[in-house]
Amino acid sequence: QVQLVETGGGSVQAGGSLTLSCAASGRPLRDYGAGWFRQVLGKEREFVAGISWTGHTATYDDSVRGRFTISRNNNNNTMSLQMNSLKPEDTAVYYCAATEQVIVTPTGANYYWGQGTQVTVSS
């Protein structure tokens, strides 16, 4: 029943920063593990980062570790992805995901999804 809406996408030059936000409604975000995936046209959706129910555990794909930071605010039913040092290869549609499991993982299933937000990084 939870609905997710991503905001914050846009265009940025290489080396720049963007912050994506995901707002949950219908159900409290605290009931869900969460995370972010991204997808390029013609390719499979890939895992970016995950965060546990309370935010005490965070996981990252190797391609973004050290550059991206995932966080959540259960009081406001929001999750965010701070993206720094962006590269052209980060260009994709980014999707917010939630799960009744503890955390979103690269191989999990039965996730709830947002509509996606486009991130474009120019070189």
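Guide: Let's go from the overall fold to the charged pairs. This is a predicted model, where local features need pLDDT of at least 70, side-chain atom pairs count only at pLDDT 80 or more, and totals for chains, interfaces and linings use all residues. Residues are numbered from 1 along each chain as its sequence is written, and side-chain values use heavy atoms, with hydrogens and water left out.

Visitor: How many helices and strands does the protein chain have?
Guide: Helices (H or I, at least four residues) and strands (E, at least two) are DSSP runs, numbered from the N terminus. Read along the sequence, the pattern is β-β-β-β-β-β-β-β-β-β-β. That gives zero helices and eleven strands.

Visitor: What radius of gyration does the protein chain have?
Guide: It's taken over C-alpha atoms, and the globule rule is 2.2 Å times the number of residues to the power 0.38. For 123 residues, a compact globule would come out near 14 Å, and the chain agrees with that at 13 Å.

Visitor: What share of the residues count as buried?
Guide: Buried means under 20% relative accessible area, exposed over 50%, and partly exposed in between (1.4 Å probe, protein chains only). Of the 123 residues in the protein chain, the buried share is 42%.

Visitor: How many salt bridges does the structure hold?
Guide: Side chains of opposite charge can pair when their charged atoms come close. A salt bridge here is a side-chain nitrogen of Lys or Arg within 4 Å of a carboxyl oxygen of Asp or Glu. One of them joins R27 and D31, with the closest N and O atoms 3.3 Å apart. The total is five.

Visitor: Which residue forms a salt bridge with D90?
Guide: D90 is buried, with a relative accessible area of 1%. Its partner's closest N or O atom is 2.8 Å away, and that partner is R67.

Visitor: How many residues apart in sequence are the parts that D90 and R67 tie together?
Guide: D90 lies in the loop between β8 (78-83) and β9 (92-99), while R67 lies in the loop between β6 (58-60) and β7 (68-73), so the pair ties together parts whose distance in sequence is 23 residues.

Visitor: Which residues do salt bridges with shared partners join into one network?
Guide: R67 is buried, with a relative accessible area of 11%. Through shared partners, the network takes in R38, E46, R67 and D90.
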